[in-house]
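Me: I am new to this structure. Please take one part of it and walk me through it closely, in short sentences.

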Amino acid sequence: MIEEYFTKDLNELPAILVGTIIMYLSILFFTRVFGLKSFAKMTGFDFLNTIAIGNLLAMSVATSNPTLLTGILLIGILYLINFTITYFQFKSQKVRDLTDNSPLLLMKEGNFLDDNLRKSKITKAELRGKLREANVLSLAKVRAVVLETTGDISVIHGEKSEEFDDFLLEGVIT
């Protein structure tokens, strides 16, 4: 019984190898056609696209369900949907407002914004970890902490004497 666990699918290895190469080349092709932003985590749609493509790649190669051709077609459709959404987001503020979350300010000038922390369901302990990741040595030097549209947390820190460009917080909910 244990032997079957390791050897029962050995006859499928050539098909898996060929399928993996074909899928890999297909994803490279789609990425060249639709651009690298397809794998960015700039929006929820980009992130969803990346997860769905990875899932389809794994399922098509490892289980043949969906089949290789169906998997390639589905991945192509995902790239096209992502490209279309991105195109219309670029062209229209209304589409951006409908499809994107807005970034949310969690800290400003060393102070926690408790209402925004509650809204985002981020604890001070989680935020503390992000501050450590960003090598913050003093809360007084934290100029802003932003929960980005992707769920990432950006920490802007520096001396108060350093000029802070308002562009960096444009579109951020305060």
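Reply: Start with one bridge. Alanine 144 has isoleucine 156 of S4 as its bridge partner. Keep in mind that the model is predicted. Five bridges join S3 to S4, and these two strands run antiparallel.

Now widen the view to the sheet. The sheet is open and has four strands. Their order is S2-S1-S3-S4, with antiparallel pairing. In general, strands of a sheet pair through backbone hydrogen bonds, either parallel or antiparallel. The edges here are S4 and strand S2, residues 111–112. Each of these edge strands pairs on one side only.

Next comes the helix on the sheet. H7 packs there and touches S1, S2, S3 and S4. The direction of H7 makes about 60° with that of S4.

What lies in the largest nonpolar core? It has 13 residues. Leu106, Ile122, Leu127, Leu131, Val145 and Ile153 touch the most other members. At least two residues of this core come from each of strand S1 (104–108), helix H7 (124–133), strand S3 (142–147) and strand S4 (153–157).

Look at isoleucine 153 on its own. Setting aside neighbours within four places in sequence, isoleucine 153 is in contact with Leu106, Ile122, Leu127, Lys130, Val145, Val146 and Leu147. A second, separate core has nine residues, including Ile53, Leu56, Ile72 and Tyr79.

Two details belong to this part as well. The charged end of lysine 124 sits over the ring of phenylalanine 112, 4.7 Å from the ring centre. Asparagine 135 is in the loop between H7 and S3. Asparagine 135 is not a glycine, yet its phi is positive, about 60°. Its relative accessibility is 58%, so asparagine 135 counts as exposed.

Tyrosine 79 has 0% relative accessibility, so it counts as buried. The whole structure holds five aromatic pairs. In one of them, the rings of phenylalanine 34 and tyrosine 79 have centres 5.8 Å apart and planes at 25°, so the pair is stacked. Phenylalanine 34 lies in helix H2 (residues 13–34) and tyrosine 79 in helix H4 (residues 68–91), so the pair ties together parts that are 45 residues apart in sequence. Phe29, Phe30, Phe34, Tyr79 and Phe83 form one aromatic cluster.

One last stop is the loop between helix H3 (44–62) and H4, where proline 66 is found. The peptide bond from asparagine 65 to proline 66 is cis, with omega near 10°.

Conventions. Residues are numbered from 1 along each chain as its sequence is written. This is a predicted model: local features need pLDDT of at least 70, side-chain atom pairs count only at pLDDT 80 or more; totals for chains, interfaces and linings use all residues. Side-chain values use heavy atoms; hydrogens and water are left out. Rings of Phe, Tyr and Trp (its six-membered ring) pair if their centres lie within 6.5 Å; planes under 30 degrees apart count as stacked, over 60 as edge-to-face and the rest as tilted. Buried means under 20% relative accessible area, exposed over 50%, partly exposed in between (1.4 Å probe, protein chains only). A charge sits over a ring if NZ of Lys or CZ of Arg is within 6 Å of the ring centre and within 35 degrees of the ring normal. A nonpolar core is a set of buried Ala, Val, Leu, Ile, Met, Phe, Trp, Tyr and Cys residues joined through side-chain atoms within 4.5 Å. Contact means heavy atoms within 4.5 Å. Two strands pair if DSSP finds at least two bridges between them. Axes are lines fitted to C-alpha atoms, for helices over the stretch in contact, and angles run from 0 to 180 degrees between N-to-C directions.
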